[in-house]
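Here are my notebook entries on this structure.

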Amino acid sequence: MPLTKLAFLSGISVSAVSLLPPSQVCNWRHRVKSECFGIGGVNKIRRLSVRSASRDGSASVGLDTTFPRDYVELLEQAKEAAKLALEDKIQLMEIEFPTAGLESVPGDGEGGIEMTGSMQLIREFCDRFIVPEKATRTRIFFPEANEVEFARNSTFGGSSLKLDYLTKPSLFEDFGFVTKVKMADRVKPDDELFLVAYPYFNVNEMLVVEELYKEAVVNTARALIVFNGELDRIRSGYYPPFFYPKLATLSKTFLPKLETVYYIHNFKGRNGGILFRQVHNSAFSIYFVFCSCEKYICLHQQEDMPSLKEVALSILPMA
């Protein structure tokens, strides 16, 4: 019998038997932490919990995923997910969620405002995730040098965290050209954790992130977290391979190495929904897809990340 999934919203329990054949339902694993993707719906989010029962329909096996009510809960969940990933020796991680509101999608907010909001959320995440004695061993990379100066004079004022940058502005910045920074020169021997902040404004930024990973993380005990990098742009082919061959290569060589430890993506329109994942301290960490057909219903769950096109065109219309 396939998994039974329960969704709870404002005290209302909705039971949905998997619509998929057993071969497409998440495999049962013996690891304390495992990873799996699933899908759900957007409609005045208040409280959403998902539990998985055992195959014979008896007691719950321990998965209890709750959609955050606000950014305080979201950051706490992201912190726990990243912590578990580090304990599992994961060195390359992704944290992605909307910054213009929990129900927003990319583009709902003005770019500069979204980045400033993301900077504030990164500071709050670091305050939860990084213990004080590790602050000086944590290096945060912002997209460019000007952003570092702004961060020091605002959100990160007084912080012991090391602030750095991926690129430098050039005389031709208005035409999309920046000065490349050699990552090996930016890293210090006592660095233990790198956090890269929203590297999506310029296409060269993620290429520099890959360089940082290769030169400073591979074959070390360090870890790297990409925070709100909007990597779905690259995954979905938003940048035509003919004009951006390096990004096309990146999507095949670098992005598959990323462990998505925390992820929220909203879908608006007639078939609205949520793609949600949190690496969880239980038997499962699943990508859930929820639809918003008056009530939240878990439509689908799987181990690998589904494409946004697949969710929008194939999964959500099942509701």
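I call a residue buried under 20% relative accessible area, exposed over 50% and partly exposed in between, with a 1.4 Å probe and protein chains only. I am working on a predicted model, where local features need pLDDT of at least 70 and side-chain atom pairs count only at pLDDT 80 or more, while totals for chains, interfaces and linings use all residues. Residues are numbered from 1 along each chain as its sequence is written, and side-chain values use heavy atoms, leaving out hydrogens and water.

**Entry 1, strand β6.** I took strands as DSSP runs of E with at least two residues, numbered from the N terminus. How many residues of β6 are buried? I found that five of its five, residues 92–96, are. Leu-92, Glu-94 and Glu-96 point one way, Met-93 and Ile-95 the other.

**Entry 2, neighbours of β6.** I count two strands as paired if DSSP finds at least two bridges between them. β6 runs parallel to β11 (residues 223–227), with four bridges, and Leu-92 has Leu-224 as its bridge partner there. Four bridges also link β6 to β12 (residues 259–267), again parallel; here Ile-95 sits opposite Tyr-262.

A nonpolar core is a set of buried Ala, Val, Leu, Ile, Met, Phe, Trp, Tyr and Cys residues joined through side-chain atoms within 4.5 Å. The largest one has 68 residues, and Ile-95, Phe-125, Phe-142, Leu-224 and Tyr-262 touch the most other members. I also noted a second, separate core of nine residues, including Tyr-263 and Tyr-287.
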